[in-house]
Amino acid sequence: MDKARLLDIFRHMILIRRFEEAVYDFHEQKLFGGHYHLYIGQEATGAAVMASLGAEDRIFSTHRNHGHLIARGVDPKNALAEILNRADGTNGGRGGTFHIADASVGMPHTSALVGGSVPLAAGAGFAAKLKKSGGIGVSMFGDGCFEEGVVFETLNLARMWELPVIFVCENNTPGAVLKSAGGNNTSNLPEGRVIQIPEALGMECHKVDGGDAEAVDVLFADCAARVRATGQPIFIEALTERWPGNYFSFPSMVTGVTQVSMAWDGGSISGEHQEWFLNHDPVLRFARQLLVSGVANFGDIVGIDVEVTETIKAAKEFAQSSPLPGTDSVYAHVLAGEG
Amino acid sequence: MTVMTHAEALVAAIRECMDEDENVALVWGSLMGVGGNNDHVEHIKADFADRIFHPPISEAAIAAIATGAAMDGVRTIFPMGTASFMFRAWDQIIHEAGAAHYMSNGAVSIPAVFHVVHGLRGGGSVQHSQSPQSMLWNAPGIEIAMPSCPADAKGLMRTAIKSNNPTVFIDHQKLNKRSGEVPAGAYDIPFGVADIKRVGADVTIVATSLQVVHALEAAETLSAVGIEAEIVDLRSLVPLDEEAILTSVGKTGRLLVVDEAPPRCSVASEVVATVAEKGMDLLKAPPVRLNRLPVHVPANVALEDFVGPNTDRIVEAAKTLCG
């Protein structure tokens, strides 16, 4: 058991949680407008996946990208500035919440179009194969992407061309009511069995509890090593219980600001979302695992939380004080100049 | 006359057409981008459950299904949401829906309606702010409607549903909640008939969709400084009411075209080219195109405002043109 590795995954998970709470707060304060998507409830998958990736790897995310970026190591202050569309944002303020990306950490472009990023990740695998860089492409996407044809085409191509890609489908429909039944789920597949599609193409496929950080870490580390060795694509379905705040068109902080003490103080858990706190919230789940296995004590957990809470507080101040981009900036980078 | 929002007027037209014709079907996504106003569409859901189909996120397949059904006389209304998403069904709309009548030598027609919401919506960023009207206009076989007010939205939607051609019905997110007077009862507004939204003798402002609203606002400011603008609302691009444009330019001698698509090969370009070909001698000054800048739409709302045409820019352009 690698204690430092597990604590680092936990640190990223709570960092994502505090980041998303800040985003929610900014939206409530009307510091940015329009639709947005939070990664709360899926932190275990993003943080554990990034733990096995290196500088040569490329990751492509979706409209629900914040957690992936933070887990990969983007500075939260630049990510928050981007959400406020400020000049110091990762994309200079022109991308916003849907398109946070940072080429310097191997996340070059974030498409908000459903399924849009899946073939881009296969493109990263294509480039890695061609350049023999040793890197792999990783596509982080939701189950709703299987409603778009381009996802099937990409899986087929990744198999045919033997591309070193890991497709991580974060299926967050479990626990949600299908849209056709009046809910606001992610996908509308008649059966929730998205994994059968890559299986039919003969791709190596795995299923994992996406709310269990250690399980995702063990599986993904093994898959990443194998993809690097064989060059063959792998598909992982990470099944994630849907965060109750995600039952609505806009996120709603129905479960409140996370209290890490809930991990050990069962007496503080009650009410409508008791089941979520006790069995599903991945941050609390992982904190409990770390405590039970002796990797961390209460003080370690609280210490990490205090540290990341300070980081996010400073990031919020930075983002809010960052200037708006100048109007002249709109003309920049329509076309690339000479290299 | 009753007062309705733009969204309510669209829903009223759909309701009437579903009542009138049992071959009208509806794909029920986020209906017309009405968002939180879904309460006024519940009656359609309740009364026509067997003609409503709930969509996955599959623009291309649904567009082609609507096209295939149209070949057997089913008139499907497919609200595709943000106009940016229709690019995923570009092949199906342009090569299947738009071409089937021509390819069959007239044997087959495609009475389908593709409804989209275009333009600068306030923070839509690069992938949720497209104005595809000029790209579509370059494809033969597709009718294009672009209402600017609730009354036109209702009459044009009825015409779109009854039309035997595929229609792309282009709305604007910022129009949806705007209110206006709507005539009582059922009425159709034919395509190809522009509406003079304001009469004036000094400058012709040709516009579509939300830019008609901006042009009307600008006209008030211009009037205060002695410039009377005539506002020509095209209402449909295909067919195009060339006569209304030329008649107005004949009266004013000055042409300003406002358009949310970027300038090259835009709606503004086509209107200016039409006047250059058919009414050069009517012009007292070179015509002016006022478009979105030729860049992507940044997420930042201040920059979004900067790249788009708006009321102030219309005022400025009209003053320069009349100066």
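Reader: What kinds of residues make up the lining of the second largest pocket?
Author: In this predicted model, the lining of that pocket divides into ten nonpolar, ten polar and two charged residues. Here Ala, Val, Leu, Ile, Met, Phe, Trp, Tyr, Cys and Pro count as nonpolar, Asp, Glu, Lys and Arg as charged, and the others, including Gly, as polar.

Reader: Which residues lie nearest its centre?
Author: Of the 22 lining residues, these are A:Asn91, A:Arg94 and A:Gly95 from chain A, together with B:Val126 and B:His296 from chain B. A pocket is an open set of points on a 1 Å grid over the protein atoms alone, with protein on both sides within 12 Å along at least five of seven lines, and a lining residue has an atom within 4 Å of a point.

Reader: How much space lies in it?
Author: The second largest pocket holds about 420 Å³ of space, a volume being the space filled by probe spheres set on the points, which are joined across faces, edges and corners.

Reader: Now the cavities: how many of 30 Å³ or more does the structure hold?
Author: The structure holds one, where a cavity is a set of grid points at which a 1.4 Å probe fits but cannot get out. The space in the largest cavity is about 30 Å³.

Reader: Which residues line the largest cavity?
Author: Its lining consists of B:Thr82, B:Val117, B:His118, B:Gly119, B:Arg121, B:His128, B:Ser129 and B:Gln173. By kind, one is nonpolar, six are polar and one is charged.

Notes. Residues are numbered from 1 along each chain as its sequence is written. Chains are lettered from A and ligands numbered from 1 in the order in which they are written. This is a predicted model: local features need pLDDT of at least 70, side-chain atom pairs count only at pLDDT 80 or more; totals for chains, interfaces and linings use all residues. Side-chain values use heavy atoms; hydrogens and water are left out.
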